[in-house]
Amino acid sequence: MNAKSEQQKLSLSNIWVLAESNGPVRQEEMNICKAFMQICREDNNKDKLRAFFAENRGKPVLFEMKTERKDFRKFLFSGGETMSIQEGSFGDSGLGYSIWDAGLALSIWIQMNGDKFAGRDVLELGSGVGVTGICMAKSSANQVVLSDFGNVEDEGEDEGERNSVVERNLQPRNLLENLLTNVELNGLEEKCQVTRLDWHACLADSFRPVKEFQCVIGSDVIYYEEDAEALTAAIVKHLRAGGTFFLMNRRGRPGLSAVLENLERMGKVEVTELSLFNNFDSTPLLFATFTKG
Ligand SMILES: C[S@@+](CC[C@H](N)C(=O)[O-])C[C@H]1O[C@@H](n2cnc3c(N)ncnc32)[C@H](O)[C@@H]1O
């Protein structure tokens, strides 16, 4: 089944709700989910669905639709916007092979706060399959650069540099290619650019960003202590003064506190605890913004 016929299908497989702190999901959000499931169970009536989405525009809810391919996922936001994502394998794409919960959570947050990005050029760090960057490109942002590491043999580096990078990070082979496929699946070739950016390269004094951005985003990008300095450098060097980094990360991951402490020395950091619920589980998240001084 090709991507186009997948997109015609409309039946529910999961529900995601972004809620504050660890508390219970608010009744309002659960009622939205129940009403949506009812429509799907009854008859998948597209007119009813359209009316439902018009009523619930802007609520922090995301629906996942059934597809016939395991590696192909499709989402429907409460505003009626859809997003299609092809996942890869760990062997080909490393940890960026699938969608992480923080990526879904930041996507929901972006859908609700799209006005903050109106007309902005945005950089995403550690895009993986590109869920948040693609969601950002569907908002009112101007241009979105999706970045990750990988495909080192195409970069024209000398042998020594390449080997040291490969050994340190086990650079994923097909991650950037899959990212490009997802940009195309969503028809965003005009709005999105896919680029290779290894955070560790940003540690060099000689590193110069292609551009300084007003907005940089990242979801679940910190999970190793040894990446904390490099990720901090990537954030700070790609932000212009007064620009903001938006981070959604699973709480308690190694390196997260170190990144936030680093950022606090260079600007203002604000942190909120959120949770992402689905129909059987929840993920504890930390949402942080850093505004460069
Ligand atoms: C846990 S995944 C999260 C992916 C995506 N943001 C999401 O939320 O679904 C972490 C991502 O960071 C990328 N990453 C890890 N180390 C990196 C580095 N040194 N430079 C660039 N990207 C890196 C991985 O390749 C992966 O795509």
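Where in the chain is the place of Ala 204? Ala 204 sits in the loop between β7 (192–196) and β8, where helices (H or I, at least four residues) and strands (E, at least two) are DSSP runs numbered from the N terminus. This is a predicted model, in which local features need pLDDT of at least 70 and side-chain atom pairs count only at pLDDT 80 or more, whereas totals for chains, interfaces and linings use all residues. Residues are numbered from 1 along each chain as its sequence is written. The secondary structure of the chain comes to 10 helices and 11 strands, and buried residues make up 40% of its 293 residues.

**Confidence**

- The average pLDDT (the predictor's confidence in each residue, from 0 to 100) is 85 for the chain, and 85% of the residues score at least 70.
- Over residues 1–9 the pLDDT is below 50, and this stretch has 15 contacts in the model beyond near neighbours in sequence; a contact is a pair of residues whose C-beta atoms, placed from the backbone, lie within 7 Å.
- Residues 153–168 also stay under 50 in pLDDT, and the model has 10 contacts for them beyond four places in sequence.
- Where pLDDT is low, the predicted coordinates should not be read in detail.

- Ala 204 counts as exposed because it has 10 C-beta neighbours inside 10 Å; a residue is buried if 20 or more other C-beta atoms lie within 10 Å of its own, exposed if 12 or fewer, and partly exposed in between, with C-beta atoms placed from the backbone.
- Although Ala 204 and Ala 233 are 29 residues apart in sequence, their C-alpha atoms are 9.1 Å apart in space.
- Gly 119, in the loop between α5 and β5, counts as exposed because it has 9 C-beta neighbours inside 10 Å.
- Leaving aside neighbours within four places in sequence, Gly 119 is in contact with Ser 140 and Asn 142, and its C-alpha atom is separated by 9.6 Å from that of Ser 139, which is 20 residues away along the chain.
- Asp 220 lies in the loop between β8 and α9 and is buried, with 24 other C-beta atoms within 10 Å; its phi is near 50°, a positive value in a residue other than glycine.
- Phe 277, in strand β10 (residues 267–277), counts as buried because it has 20 C-beta neighbours inside 10 Å, and its C-alpha atom is separated by 5.5 Å from that of Trp 16, 261 residues apart along the chain.
- Among contacts in the chain between residues at least 6 apart in sequence, 70% join residues at least 24 apart.

- Helix α6 is largely enclosed by the rest of the structure, because 8 of its 8 residues are buried; among them are Ile 134, Cys 135, Met 136 and Lys 138.
- Helix α9 (residues 228–238) is mostly covered, with 8 of its 11 residues buried, including Leu 231, Ile 235, Val 236 and His 238.
- The buried residues of α9 pack against β5 (122–124), β8 (213–219), β9 (239–250), α10 (256–264) and β11 (282–292).
- Within α9, Ile 235 is in contact with Val 216, Phe 245, Leu 263 and Phe 290, leaving aside its neighbours within four places in sequence.

- Lys 74 stands opposite Ser 84 in β4, and the hairpin formed by the two strands has 4 residues between them, with Gly 80 in the turn having a positive phi of about 100°.
- Strand β4 (residues 82–86) has a covered face, made up of Met 83 and Ile 85, and an uncovered one, made up of Thr 82, Ser 84 and Gln 86.

Conventions. Pairing = 2+ DSSP bridges. Contact = placed C-beta atoms within 7 Å.
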